[in-house]
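The following paragraphs go through a few places in one protein model. Keep the sequence and the structure in view while reading.

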Amino acid sequence: MSADPEWRTVRRVRTHEQVLIQIQERILNGQLRIGDRLPSERELVQVLGVSRNSVREALRVLEAMGIVDAHTGSGRDAGSTVAGRSTDALSNLLRLHMALAQFRLGDLVDVRIELERLAVRQASAEADPAELTQLRSLTEAMTRPGLDHERFHELDSEFHIRLARASHNALAADLMQALRDAVKNEMLAAFARVHDWDAAVASLTAEHLAILTAVEAGRGDEAETLVSRHIRAFYDSVGGESPWSD
C-alpha cells in the first residue's frame with residue numbers, strides 16, 4: 001500500500017512549546033506589539049490549561065530570544081511585556097550556527113560584502129547630516145594614537161553598523177549588528193596576528209574615510225566599490241600574508 005501524501009507524521013510538542021506557539025502567533029498576526037503586556041502567569045495557566053512551570057519555561061525562552069522582558073514580583077511593573085529586542089538573540093544564534101556549520105570564510109566575506117554594498121548605496125542617498133556627522137566623528141576617533149585591538153574593533157564595528165543604519169534599512173542594520181557581534185572573537189584574533197598594528201590602523205582608517213567621503217558626496221557606485229575592496233582586502237590579508245606583517 002503506497003503512502004498517502006495527505007498523511008503526515010505527528011510531531012510530539014512539549015507543553016511549553018505549545019505556549020510559545022500561541023504567543024508567537026499573536027505577535028505574528030498583530031495582536032501583540034512592542035510594549036504590550038502579556039497576561040499574567042496565572043491568567044496564562046487558566047486560559048491555556050497548562051502548568052505554571054510550562055508557562056514560566058516558555059517565558060524564559062522568549063526572554064532569551066529578546067522577544068519579551070520579564071519582571072518578577074508584584075505591582076505595576078511585574079509581568080512580561082513584548083520587547084522586540086531581538087538583535088542580541090540573533091547575534092547569539094548566528095554565532096552558534098556559524099560555529100556548528102563551519103561556514104567557509106569565502107561565504108562570510110561574500111555575504112558581508114553584499115550587505116555592506118546595499119548599506120553604502122542607500123546611505124549615499126538617504127543619510128541625514130546628523131548621521132554623517134556621527135560617522136565622521138568615528139573616523140576621527142580611529143586616528144587617535146595608542147588604540148588597542150579591543151577599542152579599534154569597537155570603533156570599526158560602530159562605523160559599519162552606523163553606515164547600515166544611515167541606509168534607513170532597519171533589517172540591514174540589524175543583520176549588520178548581528179553579523180559583527182557574531183564574528184567579534186574572530187576579528188580580534190585577526191587583529192592580534194597583525195605585526196605592524198599602527199600601519200594596519202592607519203590603512204583601515206584611511207579606507208573608512210574614503211568610503212565615508214563617497215557616501216557624503218552621494219557617490220553610491222564609488223562607495224560600493226570602495227567598501228567591497230576594503231572588506232575583501234582585509235580578509236585576504238588576515239587569511240594569507242598580511243601587508244602589515246614583518
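Arg180 has a relative accessible area of 2%, and because buried means under 20%, Arg180 counts as buried. The model is a predicted one. Arg180 belongs to helix H8. Leaving aside residues up to four places away in sequence, Arg180 touches Arg112, His153, Asp156, Ser157, His160, Ile161 and Met187. With one of these, Ser157, there is a polar contact between the two side chains, at 3.0 Å.

Helix H8, which covers residues 170–182, also holds Leu175. Leu175 is partly exposed, and its relative accessible area is 36%. Together with Leu90 and Leu171, Leu175 makes a nonpolar surface patch of about 260 Å².

Asp196 is partly exposed, at a relative accessible area of 35%. From there, the side chain of Asp196 reaches the backbone nitrogen of Ala199 at 3.2 Å.

Another contact between a side chain and the backbone is found at the start of helix H6, where a side-chain oxygen of Asp128 comes to within 3.1 Å of the backbone nitrogen of Ala130. Helix H6 runs over residues 129–142 and has 14 residues. From the first C-alpha of H6 to the last, the helix reaches 20 Å, close to the 20 Å expected at 1.5 Å a residue. Which residues of H6 are buried? They are Glu131, Leu132, Leu135, Leu138, Thr139, Ala141 and Met142.

Notes:
Residues are numbered from 1 along each chain as its sequence is written. This is a predicted model: local features need pLDDT of at least 70, side-chain atom pairs count only at pLDDT 80 or more; totals for chains, interfaces and linings use all residues. Side-chain values use heavy atoms; hydrogens and water are left out. Helices (H or I, at least four residues) and strands (E, at least two) are DSSP runs, numbered from the N terminus. The expected span of a helix is 1.5 Å times one less than its number of residues. Buried means under 20% relative accessible area, exposed over 50%, partly exposed in between (1.4 Å probe, protein chains only). A polar contact is a pair of N or O atoms within 3.5 Å; within protein, one must be able to donate a hydrogen and the other to accept it, and residues adjacent in sequence count only if both atoms are side-chain atoms. Patches are made of residues with over 30% relative accessible area and no salt bridge: like charges are joined within 9 Å, nonpolar side chains (Val, Leu, Ile, Met, Phe, Trp, Tyr) within 5 Å. Accessible areas come from the Shrake-Rupley method with a 1.4 Å probe; for residues, only the protein chains shown count as cover. A salt bridge is a side-chain nitrogen of Lys or Arg within 4 Å of a carboxyl oxygen of Asp or Glu. Contact means heavy atoms within 4.5 Å.
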